[in-house]
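Here's a quick look at how some pieces of this chain hold on to each other. Have the structure open as you read.

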Amino acid sequence: MDRKHFLARSLQAIAGAAIAGPTLLQASSCSIPREAAGGSAPPAPAPNDPLFTQVKLPYAFAALEPHIDAFTMEIHYTKHHAAYVKNVNEAIISEGIVSADEAALFATASKLSPKARNNGGGAWNHNFFWQVMAPGHSGAPTGKAQDAINGSFGSFEKFKDAFTDVAMKRFGSGWAWLVAHNGKLAIGSTPNQDNPLMDVSDLKGSPLLALDVWEHAYYLKYQNKRNEYVAAWWNVVNWDAVAARLG
Ligand code: MN
């Protein structure tokens, strides 16, 4: 191989490595060895630093109509959520962040850069959010979820009122949550893209249900009427997913 040919092949290899980065970030695993991430590899690759993956939306953009409109779902999933996933993975690679998994990463949220914390939360929270909604649900829990909610809050109506109140009172952008903590269920909210797995969160616990109250989640259809969005959202809560997380 002459020198000119060799250089051309080397440049192709470099270009290939550059392209491999973002492609790998979309792979199905959320734990990709650092050395697989191409040119950004540090001297000592860690086996378990997590990169985030955007889950496949479990239903069509229009599936939650009329409660959540298709255009909002499409922008929310393909623009907002996709950007959080891309940006957190950039931060993980460029900052050399190493943690065993997402829970371990969030347990050190207070030490993360704003880019890693905000986009990591955004990536995880939306992956969770898509899965606790589904079309064709009755709007009320049954079985194990019903028993747990009645046991902790007295009745589904009391739970619904308390959760709605928290969602309405979250000033600005954030999330409302139902969590399991120390053997009990609790309701609370987090600002921005924080979540109850983060050490910075006042609300602690294992998430069972989440509601995105960022304006991007409802503004196209509901404008400033967050109350109408929250009221409609109860029609698409996937109580089977909540029950499955109760264990
Ligand atoms: Mn959102």
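Glutamate 90 counts as partly exposed, with 31% relative accessibility (buried is under 20% relative accessible area, exposed over 50%, partly exposed in between, using a 1.4 Å probe and protein chains only). Its salt bridge to lysine 86 has the closest N and O atoms 2.9 Å apart; the term means a side-chain nitrogen of Lys or Arg within 4 Å of a carboxyl oxygen of Asp or Glu. Both sit in helix α2 (residues 70-94), four residues apart, so about one helical turn separates them. Helices here are DSSP runs (H or I, at least four residues), strands likewise (E, at least two), numbered from the N terminus.

Lysine 115 also bridges to glutamate 90, at 2.8 Å between the closest N and O atoms. Since lysine 115 belongs to helix α4, this pair ties together parts 25 residues apart in sequence.

## A longer-range link

Aspartate 194 pairs with arginine 117, again as a salt bridge, with the closest N and O atoms 2.8 Å apart. The two are 77 residues apart: aspartate 194 is in the loop between β2 (184-191) and β3, arginine 117 in helix α4. Aspartate 194 is buried at 5% relative accessible area, while arginine 117 is partly exposed at 24%.

## About the model

This is a predicted model: local features need pLDDT of at least 70, side-chain atom pairs count only at pLDDT 80 or more, and totals for chains, interfaces and linings use all residues. Residues are numbered from 1 along each chain as its sequence is written, and side-chain values use heavy atoms, leaving out hydrogens and water.
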